[in-house]
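This briefing covers the ligand surroundings and the domain interface of one protein model. Please view the sequence and structure below before reading on.

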Amino acid sequence: MATSVQKRASAVEAVDCDVVVVGAGFGGLYALHKLRESGWSVRGLEAAPDVGGTWYWNRYPGARCDVPSLFYSYSWSPELRREWRWTNRYAGQEEILSYARFAADRLDLRKLIDFDTRVASATFDEKSERWIVETDRSGHLTARFLIMATGGLSVPNTPDIPGVADFQGAIYHTARWPQEPVSFEGKKVGIIGTGSSGIQAIPMIAQAAKQLVVFQRTPNFSVPARNRPLTDEDHKSFDDGLDAYLASLEQSDFGRVPPTAFTAEVPPRDVQWKHYEKLWNEGGSGGFLKAFPNILVHPDVNEVAADFVRQKIRETVKDPKTAAALSPSGYPFGVKRLCVDTDYFDTYNRPNVELVNLRDEPIEKITAHAVDTKSRHFELDALVFATGFDAVTGALLAVDIRGRNGATLKDAWSEGPKTYLGLTVKDFPNLFTITGPGSPSVIGNVITNCEYHVDWIDACLAHMRRHDLGTIEPDAEAQAAWGVHVTEVADRTLFPKANSWYLGVNIPGKPRVFMPYIGEGYRTTCKEIVADNYRGFTFGVSADRERAAAE
Ligand code: N01
C-alpha cells in the first residue's frame, strides 16, 4: 500500500468494526455517537491530540466563528442545548473548542477515538468487503464502512515563496497556531493573507506588536461582526423560535441561491443602500448575503453592495491610498467567502500598521530576517501565514484511498471531484464523505450540514442492515448527472466569477471546479432519492449471504 506518511512505532489497536470514522470534529463526533446508538461498532481516528477539528487547530488571535453561536451548535440534541449556554453572539475559538470537548465528554465519545493518529491509507478489499485502514502507527484496522469526516478546511496552504526556509524569525500559520501563548510584544511582525483568518488576526496582532506589515494580494469584502455578549432575552428569543428553526432545517434549503433569484426584480439603488446601511449597523454576514434574492446572481444588484462596502472603507480608512488598496474590485461581492471583522479597516489608521499592496510590489523573496518585495525590504522578527487551505478535497486526497480494482481517489478526481450528492463516490463502495464536494459542505452552517449527512448515512446503513445488503455505491450515470447539476447551478450565479478557494484556484495545479453545491433543496433531493428506492445507487448483496447461499 503506497503511503507518504511516516510510521511511528506505537501500534494502533487492530480492531475489526462496522464503521471507521476519520476525524473528530463536529461531523465525526456526531457520526460516532449516532452510529453507536444505532447498534454499530464504531472506531474514530483523529490526527490531533483532542477533539474539535478545525477549532482545535485554528487558535490564532481573534479566531471566531461568523455563524451566530446559538445556531453554530448541534441541533439534534435538546439535552446538549439545555446544558450549554453560549456567552457571545459570535463564539470565539476557545469557547467553540470547549463546546466540542463538552459534547465529546457528555456523550462519552473519547473512548471510541484513537487520538494522535493520522490516517495514511484506506484500501477496499473486495473479497472481504472491508476497508483496510492504515495510520501513521503500526498495525491496521478493518471496517465495513469508512466515513471521512475530515473537514473542508483542514489542510493548511503554505505558498512556496522563494527563501521561506531561510527565515530565522518565528513562522506561524493561522491554521497551525501553537498551543502555548505567542507574544508579539516589541516585535516587528509580517502577515501574508487577508482572507477571513487574516482579517480576524490583523487587528489583534496590531494591538500586540511593535509594528505590523500586512502583505495583501487581493483585498476582500468584509462587514462588521458587532459581536456582543448574549443576553437572557437573546436566549429566550432563540428558544421561542427553536421549533420553527428546526422545522426550517428539515425543509432543508440552507443553500445560498433560491430559485426566486433568477426572476427577482432589480431594486432601486437607494432602497438597496438604505437596507445595507441597516445591515452594516446590525453586523454579521448572513443579512448581506440574503439582502435581496438576486444579490449573488444579478451583476447590477451585486455591484451596489460592492459599492456600499467600498464607500464604508473610504469613510473608515484615513489614508486615501491605503483605502484604495483595501477596496476590492474586479470580482463580485459575497462570492468569495464574505469576511466578518472587528475593527479590521480601522486598524489601518494605527501608526504601527502598514499595508503592502502586492499588486504593485509582489514579494520577490524571503531572507533570514526580512521579506523583500520588488521595491522594498521589510525587516521582521516574525512572519504569519494567513494563506488559507487546500479546501474541500485537500484532506480527502491527503489519504491514499483505493477502491474497486485498485482505483485511486486521486486519479478519479484528477479533473476535479466527482461524487453523488457529495456523500458517495463511484468505485469506492461503502465510503461516505461528510460535507464532501458536491454537497452544501462549506456553504452555510457547517455543523448542521454535517448533521444532515450523518443522519442520511445512519438511515442508509439501517436500510442495508434491514435488507442484508453488503455494499452501496453510486452509478456512473447518476454521479455524472449530479456533477453536471452542481456545476450548472453554480454557473447560473456570480460565484465562478471570483478566484476563490471554492473553485480550488488558490492551490497551484488544482482543477478549477466549483466544489460546493449552492442550489436550494439539497435535503429534499436527497430524501426523494431515498424514497425512490435509492435512485442512482447500486447495492451489492452481502458477501456473507452469498457465501452462505453457495454452501
Ligand atoms: O484563507 P483564504 P483563510 N502570496 O484562502 C492570500 C473559513 N474561516 O484562512 O486572495 C500572497 O480565504 C490570499 O490572497 P488571494 C472561511 O470559510 C472562517 O483566511 O489568493 N498572498 C488570501 O488573501 C474562510 O473563507 C472564519 O490573492 C497569498 C489569503 O492568503 C476560509 O476559512 C475565520 C498567497 C488566504 O485567504 C479560509 O479563510 C477564518 C501568496 N502566495 C476562516 N497565497 C470565520 O468563521 C495566498 N495568499 C470568521
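A backbone N or O atom of threonine 194 lies 2.9 Å from an oxygen atom of the ligand, a polar contact in the sense of a pair of N or O atoms within 3.5 Å (within protein, one must be able to donate a hydrogen and the other to accept it, and residues adjacent in sequence count only if both atoms are side-chain atoms). The model is predicted, with local features requiring pLDDT of at least 70 and side-chain atom pairs pLDDT 80 or more, whereas totals for chains, interfaces and linings use all residues. Residues are numbered from 1 along each chain as its sequence is written, and side-chain values use heavy atoms, without hydrogens and water.

**Ligand surroundings**

- The ligand has 23 residues around it, of which Thr194, Ser197, Arg217, Thr218 and Trp501 come nearest; a residue counts as near if one of its heavy atoms lies within 4 Å.
- The side chain of arginine 217 places an N or O atom 2.8 Å from a ligand oxygen.
- A polar backbone atom of alanine 386 is 3.3 Å from an oxygen atom of the ligand.
- The protein buries 87% of the 910 Å² that the ligand exposes when taken alone (Shrake-Rupley method, 1.4 Å probe; for residues, only the protein chains shown count as cover).

**Domain arrangement**

- Domain 1 comprises 4-155 + 391-550 and domain 2 comprises 164-234 + 260-385, with bounds from an automatic or database domain assignment.
- Their centres, taken over C-alpha atoms, are 31 Å apart.
- Domain 1 contributes 29 residues to the contact and domain 2 contributes 39, contact meaning heavy atoms within 4.5 Å.

**Domain interface**

- About 3,000 Å² is buried between domain 1 and domain 2, 53% of it on carbon and sulfur atoms; buried area is the accessible area (1.4 Å probe) that two parts lose on being put together, summed over both.
- Tyr60, Arg89 and Leu494 supply 24% of the area that domain 1 buries against domain 2, more than any other three residues.
- Two salt bridges cross the interface of domain 1 and domain 2, each a side-chain nitrogen of Lys or Arg within 4 Å of a carboxyl oxygen of Asp or Glu.
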